[in-house]
Structures are given as structure tokens and as C-alpha cells.
Amino acid sequence: MDALDGWTRSEHTADVAGEPTTHPVWRKGTGPGVVVVHELPGLTAGVIRFGEELVAAGHTVLLPHLFGPAGREFSNVDVLRVLPRVCISREFTKLARGVTTPVAGWLRSLARELHAELGGPGVGALGMCFTGGFALAMMVDDSTVAPVLCQPSAPFIGLPGRAADLNLSPADADVVRRRAAAGCSVLGIRYASDPLVGTRFDSLTSLIGDAFIRVELEGSGHSTVTEQRSQVAVDAVLDFFAERLR
């Protein structure tokens, strides 16, 4: 069975880096809205299965498809195929420090549209790995009230200064700080031994203090809610969305 059976496909268009940009969006469920941003290499079957868990918990789930294949199981071969395309795309920042990824504007627009449709306090947003910081960037818009960062790993570590960078411009970081002070918490989840996250959790604690909820898992792994799925991680996400979105 196709991993996306039962999901409804649409498209969303918004400005990215000064140009109208359209991406497919898959939707399923009822209840408060959650936008799940997939990791490399694309909208994998593991991401879709996690989306199904959110649907079962009573959420309207949107899965934007930003790059790579859709519906396939995770493959390192797919990562190697997709990474060069992502690296040359103007939608994403890969190495630059102190900047917000351009596709954040598109994701904020998607969240605003969902919130306008569903009402309530706002929507949840979850990013993972390469897109982990995207949920934090979405928090700049008031429509996102429950941002979740799973193993945020961009900008890529390897050159000085990037291990602590939050993929945010100074202006956006100021907005995140103000919103956190006003009561918008941020959930972060990682395996404690995962080197790809760098020191970003410490940066988040420095930026927003007690508004940052740290979940650091024992054992080895990287993808906390997909390929090395942790029930502790999934439960933390479900509890966070239940508290913040209803």
C-alpha cells in the first residue's frame, strides 16, 4: 500500500526569496492543526507514519513536500542524490550563520492559512534534522504557538561557529525571545550522544531560558520520531501539542 494512501494532496503558493513558490502539501485528520516538515532525503514513509500518529491523536496534519522523493523508506542513496540539489537551492540555508532559511516564509504562510481555517489558539510546527530549526523560524509568526525542534542540524557542522547556530537572523531571534517571554514554549528533542545537533540546545537555553523544554534521550540515534523512533520522544510531542493547541 502506498504510504500516502488516505492523505489528500493540494498545493500551497507563497513568496520565497522574492519569487512565488509552490510545493505540494498532503493533509489528513481533524482537530487542531500541525505542520510537520520532513527531513532529508524527503517525505519518507517514516515521516508519514509519524504523521499518522498525530492524526490518531486528534490533529489535522499537513505534510509539506519540499524536496526529494515521497512515500519511500529512508535510504542513504536517496540522501546522496537529494543533498546536492538542496545545497544549490535558494530556498534553504546550509552553511550561513545568523540567517533565517528563506523557505521559512513559505512555511509561515502555510501555518497562517491553516490557523485561519481551523481557528483556536494556533498551530503546531515540527521540523527534524535539516529542517529542525524551521519550526523555530515559524514561531516568528503568531499563528505558530507550539514549535518542536527534533534534532536540529543546520547549518551543517564542519566549519567554525556553526555548531551553536540556530538558523535565525538576529531580528527573528529577537521575535522568538519576545514570544517566549510572553508564554510560547519551545520543545526540543535529541539523542544526547548525537553530534549533529552540536550545541544548539545550549543556544536555545541562552536565548529563551526556561521556555525551552529540553528532552535529551539516552542511547544512540539521530532521528528521534522516525528512523530511530523513541516512544519517549513521540509522547513528549503528543503531550506538548495537546497542552498548547486545545
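Which are the buried residues of helix 7? They are Ala233, Val234, Ala236, Val237, Phe240, Phe241 and Leu245, where buried means under 20% relative accessible area, exposed means over 50% and partly exposed lies in between (1.4 Å probe, protein chains only). The model is predicted, so local features need pLDDT of at least 70 and side-chain atom pairs count only at pLDDT 80 or more, while totals for chains, interfaces and linings use all residues. Residues are numbered from 1 along each chain as its sequence is written, and side-chain values use heavy atoms, with hydrogens and water left out. Helices (H or I, at least four residues) and strands (E, at least two) are DSSP runs, numbered from the N terminus.

**Helix 7**

- Helix 7 covers residues 231–245, and its 15 residues should span 21 Å at 1.5 Å a residue; the end C-alpha atoms are 21 Å apart, which agrees. The expected span is 1.5 Å times one less than the number of residues.
- The buried residues of helix 7 are Ala233, Val234, Ala236, Val237, Phe240, Phe241 and Leu245. They lie on the same side of helix 7, because they cover an arc of only 160° around the axis; the arc is that of the directions from the helix axis to the C-beta atoms.
- On the other side of helix 7, Val232, Asp239 and Glu243 are exposed.
- The cover over the buried residues of helix 7 includes strand 3 (33–37), helix 1 (45–56), strand 5 (123–128), strand 6 (144–150), strand 7 (186–191) and strand 8 (212–217).
- The N-terminal end of helix 7 is capped by Ser230, which has a side-chain oxygen 3.2 Å from the backbone nitrogen of Val232. A polar contact is a pair of N or O atoms within 3.5 Å; within protein, one must be able to donate a hydrogen and the other to accept it, and residues adjacent in sequence count only if both atoms are side-chain atoms.

- Leu114 belongs to helix 3 (residues 104–118) and counts as buried at 2% relative accessibility.
- Beyond its neighbours within four places in sequence, Leu114 is in contact (heavy atoms within 4.5 Å) with Arg27, Gly33, Val34, Val35, Thr60, Leu62 and Val123.
- Between Leu114 and Pro84 there are 30 residues in sequence and 31 Å in space, C-alpha to C-alpha.
- Thr144 is part of strand 6 and is buried, with a relative accessible area of 0%.
- Apart from residues up to four places away in sequence, Thr144 touches Ala111, Val123, Ala125, Met138, Met139, Arg179 and Cys184.

**Aromatic rings**

- Rings of Phe, Tyr and Trp (its six-membered ring) pair if their centres lie within 6.5 Å; planes under 30 degrees apart count as stacked, over 60 as edge-to-face and the rest as tilted. The count by this rule comes to eight aromatic pairs.
- Phe92 and Phe134 form a stacked pair, because their ring centres are 6.3 Å apart and their planes are at 5°. This pair links distant parts of the chain, 42 residues apart: Phe92 is in the loop between helix 2 (76–88) and helix 3, and Phe134 is in helix 4 (residues 134–138).
- Phe92 is buried at a relative accessible area of 5%, and Phe134 counts as buried at 0% relative accessibility.
- Phe130 and Phe156 form a tilted pair, because their ring centres are 5.7 Å apart and their planes are at 40°. This pair also links distant parts of the chain, 26 residues apart: Phe130 is in the loop between strand 5 and helix 4, and Phe156 is in the loop between strand 6 and helix 5 (170–181).
- Phe130 counts as buried at 1% relative accessibility, whereas Phe156 is partly exposed with a relative accessible area of 23%.
- One aromatic cluster is formed by Phe67, Phe92, Phe130, Phe134 and Phe156.
- Arg190 lies over the face of Phe201, 5.7 Å from the ring centre. A charge sits over a ring if NZ of Lys or CZ of Arg is within 6 Å of the ring centre and within 35 degrees of the ring normal.

**Backbone features in loops**

- Leu40 and Pro41 are joined by a cis peptide bond, with omega about 10°; Pro41 is in the loop between strand 3 and helix 1.
- Ala154 and Pro155 are also joined by a cis peptide bond, with omega about 5°; Pro155 is in the loop between strand 6 and helix 5.
- Cys129, a residue other than glycine, has a positive phi near 60°. Cys129 is in the loop between strand 5 and helix 4 and counts as buried at 13% relative accessibility.
- Asn167 is not a glycine, yet its phi is positive at about 60°. Asn167 lies in the loop between strand 6 and helix 5 and counts as buried at 1% relative accessibility.
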